[in-house]
Each structure stands twice: as structure tokens, then as C-alpha cells.
Amino acid sequence: MKATVVEGVEVGTQLPSLVARFTRERLVRYAGASTDFNPIHYSEHFAKRAGLPDVIAHGMLTMGTALRVVTNWVGDPSRVTSYFVRFTRPVVVPDDADGVEVQFNASVAAIEGSLVTVSIEAICNGQKVLGAARAEVDLGIRVPHRDHEY
Amino acid sequence: MAITEAHAGRRYPPCDPYHVSAAKVTEFAAALGDDNPRYRDESPIAPPTFAAVISAQAWDQLFGDPELELSLDRVVHTDQRYTFHRSLRSGDVVIATLVIDRVRIRAGSELVSATVDISDRDAELICTAQATFFHTPEVSA
């Protein structure tokens, strides 16, 4: 297997960002695909009864979408060896055609041999909705140490 | 009785085998809006967080355990960690097993940490899913 990314990888390298739009339709699709039918993810009635302002996205939908930034970058999703997120704030999804936008940014936080740790942030309405999100990917070959020559 | 710190270490019987199908993998990738070709080729692998579909089976055991008195509508998923030894792929038959790692009681609420091991039929570990849940017990009126 061949790594798709090696050159130019260093701590601080930014990955291409991703903007996802979560609509009620997306939540219903994710509910069916994931088999998570908690009604706070499709019914305003149940969301409000749970003390939420409105229907919220599945935390796992945000987590799964955030990882696309990393898998798009490495190409082969099987290179992901670990992934952690803290769900810090709910993503409220209005009942309209536009839904809500979530922006995912990521950068290389650490490199150890072929293991690259990517730090991810997810922003919705100007606020971070994931905390301490990190994925580790094994690029399969040693990332060369780049000495800056002047 | 409700869940206590003493429930740490409780292990549930393995869940029924889960058959990973290409159709379910494609459906899951589509729900994430993910068009990575590895999720749709001849022998697709599953998106890494597809592990959630399988660990959900094991969580049902936890939330369905009458002794713990956990109610799903008062549970908030606070964090999630996955460790992947290999990708899940279509054709896999996998088994999830849940153990309660730790229970902390804080101001009447409960923080429950649980690990789900997802293994193949030869007991080879494929993925570990560690979650923490925050549970607010029902306030008696």
C-alpha cells in the first residue's frame, strides 16, 4: 500500500477544511443508518422534553463527519488507528430547508515515526461543539524529518 | 437500587453476532455524506465510526439492565474513544462485549464509563469503543 500523503507533513500542517450541512433529513438518514432512534434527534416534542432548545444532531454524526477531514486527507480510512472526541455542545438543527452548517478544521499535532496525530475542531454558529478531538493515523512509512536549511 | 461505584467491572454476555453487509456500509457512508471509494468498492471497508452501529447493541444491554436504573432519555454521551486494530469490512461477523469500567457519582448524577470490545469469531480484537455517559436520575416529585 502506498501512502497518499508524506511530503510536507509537519507539526502544524493544516488539513483541507470541510463544511457540512446538517438538516433534519440528514439526521433521519443517520438515525436509520446507525440504528440510533433516540427521538431527540428527530422530534421537537421529545427534544424539548429532554430540556433541549430543539432537535439536536447525533453526537456520533458530528464525530463521524469530523473524521472525514482526516480520511479525505490520508485517502485510505484503514490508516486511522484511534479517534477520540468529547461532545461539548449540542448541534441544534432547525426544521427548515437550510439546516445548520458545521465547519471542521484539522491540523497535525504530533508526528512519531509513521504515526501522525491530527487535532480536529468542529465549529457551529461560532462555537466549538467538539472538545479535545484527535485522530491518530499510521501513514505506513516514516515521515522524514524536515530540517530547514538556510 | 441504582447504579453504584461497585458496578465497575460488571461484564455482560457477548451480544449476538453482527453481520457487516456492504449495503449497510454504503448506507452508513451515505448518511455521513462520505464518498470515499473504499466504502463502495468490490469488498468495502466500513467508515471507522461504523463501530458505533455495533457497540449500540452492547449499550442496549447497559441501558436495559434493570438493576442499574439508567434511563436512555436522561443519558448524555459525553465522550467517545475508538482504538482500531483493523477496519471492519463487509462479510465480517463480529461480536460486541461490554464491560463497565468505572462509575463516578457527582452531585447525584452518574458518570458511567464503559468499554465495548468488537472481535471476530476467532476472538481476534478488531476495535475497542470506550464511551462515557452522564446520567441524571429521575427526581422524585
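Me: Where does α3(A) bend, and by how much?
Reply: The bend sits at Arg68(A) and is about 25 degrees. Keep in mind that this is a predicted model.

Me: What length should α3(A) have, and what does it have?
Reply: α3(A) covers residues 59–74 of chain A, which makes 16 residues. At 1.5 Å a residue, they should span 22 Å. The end C-alpha atoms are 23 Å apart, so the two values agree.

Me: Is α3(A) mostly buried or exposed?
Reply: Buried. 15 of its 16 residues count as buried, so α3(A) is largely enclosed by the rest of the structure.

Me: What comes just after α3(A)?
Reply: Gly75(A), with a positive phi of about 85 degrees.

Me: Zooming out. Which helices and strands does chain A have, and in what order?
Reply: Chain A has 3 helices and 6 strands. From the N terminus, the order is β-α-α-α-β-β-β-β-β.

Me: How much of chain A is buried?
Reply: 37% of its 150 residues.

Me: And what about its contacts between residues at least 6 apart in sequence?
Reply: 65% of those join residues at least 24 apart.

Me: New topic. How many residues are in contact between chain A and chain B?
Reply: 27 residues of chain B touch 28 residues of chain A.

Me: Which elements of chain B supply that side?
Reply: α1 (22–31), α2 (51–63) and β2 (75–84) of chain B each give at least two residues. The largest share is from β2(B), with 8 residues.

Me: What kinds of residues are on that side of chain B?
Reply: 12 are nonpolar, 8 are polar and 7 are charged.

Me: Back to β2(B). Which strand of chain A does β2(B) join, and how do they run?
Reply: β2(B) is joined to β2 of chain A, residues 80–87. There are 5 bridges, and the strands run antiparallel. Within that topic, Arg86(A) stands opposite Asp79(B).

Me: Now α2(B). What is its reach?
Reply: α2(B) has 13 residues and reaches 18 Å from first C-alpha to last. That is close to the 18 Å expected at 1.5 Å a residue.

Me: Where is the kink in α2(B)?
Reply: The kink is centred on Gln57(B) and is about 30 degrees.

Me: Which residues of α2(B) are buried?
Reply: Ala51(B), Ala52(B), Val53(B), Ile54(B) and Ser55(B) are buried.

Me: Why do residues three or four places apart point the same way in an α-helix?
Reply: An α-helix has 3.6 residues a turn, so residues spaced like that end up pointing the same way.

Methods:
Residues are numbered from 1 along each chain as its sequence is written. Chains are lettered from A and ligands numbered from 1 in the order in which they are written. This is a predicted model: local features need pLDDT of at least 70, side-chain atom pairs count only at pLDDT 80 or more; totals for chains, interfaces and linings use all residues. Two residues are in contact if their C-beta atoms, placed from the backbone, lie within 7 Å. Helices (H or I, at least four residues) and strands (E, at least two) are DSSP runs, numbered from the N terminus. Ala, Val, Leu, Ile, Met, Phe, Trp, Tyr, Cys and Pro count as nonpolar, Asp, Glu, Lys and Arg as charged, and the others, Gly among them, as polar. Two strands pair if DSSP finds at least two bridges between them. The expected span of a helix is 1.5 Å times one less than its number of residues. The bend at a residue is the angle between axes fitted to the seven residues ending there and the seven starting there. A residue is buried if 20 or more other C-beta atoms lie within 10 Å of its own, exposed if 12 or fewer, and partly exposed in between; C-beta atoms are placed from the backbone.
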